[in-house]
Amino acid sequence: MNSKPVWKIKKIVLPQHADHAGVMWHGAYFNWLEESRINALLEVGISYFELTKKGFDLPLIDSSIKYKYPLFLGEKITVESEFNIDKSPRVNVISKFLNQKKEILTLAEVNLVLINKINFSIIRKRPDFLSEAFIKLNG
């Protein structure tokens, strides 16, 4: 049985991510989630910049973050993301923020939808190049 691919980025909580108490600010999580998605796309051959130049976009339509434990200044974190993509226009991504002991500190779920940037309409039939990339992301 094939396991689902997990897309990873490694991060360090820097001063720009943290509040005065040295705890990662809640808004910084979204930057890391976006970076994780864009890097995963790049790994399967899709440059997000090129995607937008072709008239497409993948905006966030909803999100949920469960902050189990705080992330502290200087902490090394791995963001592991799994893509759940089917025939619907929705792209679901579930991400885990793990410390070096592989403990889950934060769980996040975001949903995106492929749109035409010109008229902001949802694209239900994906272009072949994107369908192929999504198959690689999804496993």
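In what order do the five strands of the open sheet lie? Please bear in mind that this is a predicted model. The order is E1-E4-E5-E6-E3, and the pairing is antiparallel. Strands E1, residues 7-12, and E3, residues 60-67, form the edges, each pairing on one side only. On average, neighbouring strands of this sheet are turned by 20° against each other, with direction ignored.

E3 and E6 are joined in the antiparallel sense over seven bridges. Within E6, threonine 106 is the residue that stands opposite tyrosine 67.

I now come to the helices. Helix H1, spanning residues 28-43, packs on the sheet and touches E1, E3, E4, E5 and E6. The direction of H1 makes about 140° with that of E1. Helix H3, spanning residues 128-138, also packs on the sheet, where E1, E4 and E5 are touched. For H3, the angle is about 125°, taken with the direction of E4.

Is asparagine 99 buried or exposed? Its relative accessible area is 12%, and because this is under the 20% cut-off, asparagine 99 counts as buried. Leaving aside residues up to four places away in sequence, asparagine 99 touches Glu75, Lys76, Ile77 and Leu105.

Thank you for your attention.

Note on methods:
Residues numbered from 1 in each chain as written. Predicted model: local features only at pLDDT ≥ 70, side-chain atom pairs only at ≥ 80, totals over all residues. Heavy atoms only, no water. Buried < 20%, exposed > 50% of the residue type's maximum accessible area, 1.4 Å probe, protein only. Contact = heavy atoms within 4.5 Å. Pairing = 2+ DSSP bridges. Helix = DSSP H or I, 4+ residues; strand = E, 2+ residues; numbered from the N terminus. Axes fitted to C-alpha atoms, helices over the stretch in contact; angles between N-to-C directions.
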